Amino acid sequence: MTTKKIGNVRGNSAQLYRFALSYLSRVSEEMTFKPVRKVGTLLMAGLAVVIVAGCGSTAATPSAAGSTGPAASNGTTNKPVTITVGVLRPGASQDAADALNLQIDQFQAKYPWITVESQEYNWTAPTFTAALAAGTLPDVYTIPFTDGKGLIQQHQIVNIDARVRALPYVANFNKTVLANGQDADGKIYAVPTQAYGMSLTYNRTLFTQAGLDPNSPPATWADVEADAKIIAAKDHVAGFAQMATQNCGGWQLTTLTYALGGRMEAVDATGKVTATVNNAATKAALKMLQTYRWTDNAMGSTFDYNWGSINQAFSSGQIGMFVGGSDLYTTMVQNNNINPADYGITVIPLASDPNAGVLGGGTLAVVNVNTTEGQRDAAVDWMDFYYMNKLTTEAGALADAQALISNKQPVGVPALPVFDKATFDQSQVWIKSLINVPDAQMSYFKTKIFDQPLVNEPSIDTQTLYADLDPVVQAVLTDQNANIDQLLNDANTQIQKAIDAPAS
Amino acid sequence: MDSPARLAVAPSGTRKRRGPLGWVSRDGLSSLLFLLPMLVIFGFFAWFPIVRDVVMSFQRTNLVDTPKFVGLDNFAAVLNDPLFGKSIGNTIYFSVLALVFGYPLPLILAVVISEARRFKGVLSALAYVPVVIPPVVSVLLWTVFYNASPTGLFNTVLSWVGIGAQPWLQNKDTVMPSIVIESTWANAGATMIIYIAALLSVPRELYDAASVDGASILQKIWHVTLPQLRGILLITMILQLIATAQVFTEPYLFTGGGPANSTMTVLFLIYHYAFQNSLGGDYGMAAALSIMLALFLAAFTAIYMWLTRSWSTNS
Amino acid sequence: MKTPRLPFRSNRTERPRQTVPDVHRGIVGALDWRFRRVRWTVRAIHAFTLAFLLVAGLGPLLWLAKSAITPTQDTLRMPLALWPHGFDLNYLTQAWSQTHIDRYFMNTVYMAIGSWATQLIVATTAGYALSILKPPGTRILTALVLATLFVPSIVLLVPLYLSIVDVPFLHIKLINTFWAVWLPYGASAFNVLLVKRFFDNLPSEVFEAARVDGAGPFRLFWSICLPMSRPILGVVSVFAVVASWKDFLWPLLVLPNPAVQPLSVRLPTLQPTTELNIFLAALAISTLIPIVIFLIFQRMFLSGGDVTGSVKG
């Protein structure tokens, strides 16, 4: 690109370079002869023309957020249609790909007119926008609960209300979970596919090596601190680690805040939202991290973990404990080659505060706006088949589990109910005999999590809030003298600004 | 520009006045054909984007709804963003560090290597190897070197000489120097080659004359070599400043701008505004900041042009 | 010690005797070389430089080669031990099959070839038109091209990106195609002005003669201009290939589909989701290819004197 030529001296043979320079210098002589005023006028004229054109072309980008008309899925003619689905993450193992292909084959056998193509996809806050703007997202892709409302408001995802309501189990959805994908009028734009509660994930092998009992993981934050210190001292790895980049720092800080009884946003009776990230619980959470990091020196030496890299570091035995979603085991198998014996999971400790709760979140499946009506029908068929069947029908649950097992993928990873508790319990029974994860290591969490109050993520500008809290977490972990009050007050101001900004 | 000596051959008589039709039928059409690639490419990928950038800096747009003109709001928003000042500070810090670390090293290497009596080729090839490695690979490799645990590669080496483990990329005070060290390693070889070539063109008689006048080696370097290289030294400096004002790849890959925004650079901030908010970028703010950066770079480019001109006429 | 004494004037023209290879005359002149202290200092400096460059230039590569075949735990815990737990060449094959380095390397090559071609086409045709044919408006066009030299394309990131997402007026989407990289590369004012300037200086007699022989504008371009401008085309080519080889941000934005990504974009995506030993093996493979190319064409990289020699003036 233009500047690279002049800006990038590197990597060129010197003489070519000097030769080029001497030529350029003569080029620059021409400047003095320029009829400057004439060019200026011309530019202005060009500008005027293009301003008009520019507005036109931007406005012409796809804007339709989908028709709300009745679904054509029961139409008699099924024209051939192709959809792309974003299921596999970059770097997924061949086994994971094979498992998906098996399911795609089953789907195509059931819906012979639909062709399904797998497209690599991974939602991360810093990369999603570019893909959205570019229209390169798969036809069916997933987003976190946090972004459902925002994308609906911006007309970036398709209204699939009629199509979803035609499914037999729609009444069984857990109402609060489904709400993440509904607009203000209750129209469904997104289908929740999985829900997680935050957990304390720990490495059983490192616990044993440090002389701790892997069967009695920490139950209070004081326990966490004590165990982290021991692991750091004995195993020479991070006793406790914390994600801090790609919005995960803010996400995890919110988790800790909830566990200590605080909230990040307050909504008053008029619906006005106030940022409250400088609340006492958040300060306490950061002080806790500060102590782990600087007083105990129990957090190792890496403080720029994101979701992917912390999973990887954990799987390779670099981390004693960390807080993460309860569904991480699947990724650790698919991408990180974890030794199952290492994996331990327990509920995160809650403070005695009545407001203390577990941050819960989850994944929504949505349909890309750049799709035809036929593709939208097929997309909902795919969601029904791939995400819902295994939760709602015995045949679906068994088929899904068998496909996973035959390709060495985990079955029985802890999750929270997307549907009501009865449906969930039933689905657990169906696959009981097929569970291939170290269930004994997970069963404590699986029962205990239902005793903990689940708290949804902040509802407005969630990812912005997380993004603004990342640097705060980073500062506390990398700067011994970080001023927590100051950092949180500044972040609060920034977040309030984002909340108050007019929706574009 | 129109000095007769330079005026290339125009078909005789074709430039005389005549009607547009005649012009098109003669060599106008072929001129147009030859201009076409440039008109199309520059039109779509240079001129139009420049204009659009200016327009967008006054608009609020999410690419879906109709853009709204908001006057200078975007510029105000950028100027009021605490990250703005921070990113400028970081970029200047990077540039200064890159000058301190990266500017003398290639020159010293070039002088030493061009004086070598044996292994000259081996020496310059060794120094050039890092340039050949794709920059992204270098950064990813150095991320492993910079592992901040006591068993990290650099920390292991430091422990041999009794220095404690350094946090490298994991601390706001050490992160920028760490990035600059990698970047110097990756780029010094290329600049060195330029200097080696320049050194060849220093007239040897000057050294001989200096020797005769009793100059020591260091005096010869100071009084002969450096003055002779003055022009190229100045130019590499300006080019380095222009390049470092646009630094992005290294902080993006090494730290994602962290810790605590201590490596957020200006170009990174533009990228951040436009592409890092998961609910849609603020293209207006990105455009506004782009305009500011463009004005700054244009000033440097002008200085550069002026310098190269005077340099080429002086030497 | 004192500084060397002034030698006699007559020594100036005489070649010094013995010890000094007479090819060498530079900063350390024959006169200096006669002093033992100078000789040893210079030798010491060179030995130190050689050692330093071996460590800095070759060291990282050797380490990468080693780490590509040792387990993750060794790399993390004993990065400088040779192979405490043996080595396993399988990591390389695993990296090859799991990460498809070959495909991304070929994408890198396609990217370079295509942007080289567009840059050459645009620069030569535009240079020819603006310098030789000179249709009306040449001065304004040249000024417009020159103006873009002051606006580095990197600051046009956002509008340029939007133009790729939806090409203005035509409403074509170039994203995920190599065109998204090739075409914007073509808009290089530097190249156009460089080539135009070169054509300006071609001897006019040649053109006159050709024209007398009845050569049209296309003949002139193809048979006279291009053959005569080989040196400048070499310069443009080197710039084009190197820039494309190094670019990261732009392909990162416009090539989100892994099937078309170059190495530079693909490797960072794989980093957080690939086990460290496999990832290092992938890095080692991607380094090997450019290193081999460098070794083969080493002289071209490190000198390039031929090109300048033939176009002096």
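Helices (H or I, at least four residues) and strands (E, at least two) are DSSP runs, numbered from the N terminus. By that rule, chain C has 17 helices and zero strands. The model is predicted, so local features need pLDDT of at least 70 and side-chain atom pairs count only at pLDDT 80 or more, while totals for chains, interfaces and linings use all residues. Residues are numbered from 1 along each chain as its sequence is written, and chains are lettered from A and ligands numbered from 1 in the order in which they are written.

Stay with chain C. Of its 313 residues, 47% count as buried. Buried means that 20 or more other C-beta atoms, placed from the backbone, lie within 10 Å of the residue's own. Two residues are in contact if their C-beta atoms, placed from the backbone, lie within 7 Å. Take the contacts in chain C between residues at least 6 apart in sequence: 71% of them join residues at least 24 apart.

Now turn to chain B, where it meets chain C. The contact takes 82 residues from chain B and 90 residues from chain C. Helix H1 (residues 20-56) of chain B gives the most to the chain B side, with 20 residues. That side has 57 nonpolar, 16 polar and nine charged residues. Here Ala, Val, Leu, Ile, Met, Phe, Trp, Tyr, Cys and Pro count as nonpolar, Asp, Glu, Lys and Arg as charged, and the others, Gly among them, as polar.

The axes of helix H5 (residues 120-132) of chain B and helix H2 (residues 36-67) of chain C come within 8 Å and cross at roughly 35°. Axes are lines fitted to C-alpha atoms over the stretch in contact, and angles run from 0 to 180 degrees between N-to-C directions. H5(B) contributes Leu123(B), Leu126(B), Ala127(B), Val129(B) and Pro130(B). Among the residues of H2(C) in this contact are Leu50(C), Leu53(C) and Gly57(C). The contact residues divide into ten nonpolar, two polar and no charged.

Domains come next; their bounds come from an automatic or database domain assignment. Chain B has domain 1 (20-56) and domain 2 (73-314). Their centres, taken over C-alpha atoms, are 37 Å apart.

Chain A is divided into domain 1 (81-196 + 362-434) and domain 2 (199-357 + 458-500). Their C-alpha centres lie 28 Å apart. The contact takes 17 residues from domain 1 of chain A and 14 from domain 2 of chain A. On the domain 1 side, helix H5 (125-134), helix H6 (145-153) and strand E4 (190-203) of chain A each supply at least two residues.

Technical notes:
Buried ≥ 20, exposed ≤ 12 C-beta atoms within 10 Å, placed from the backbone.
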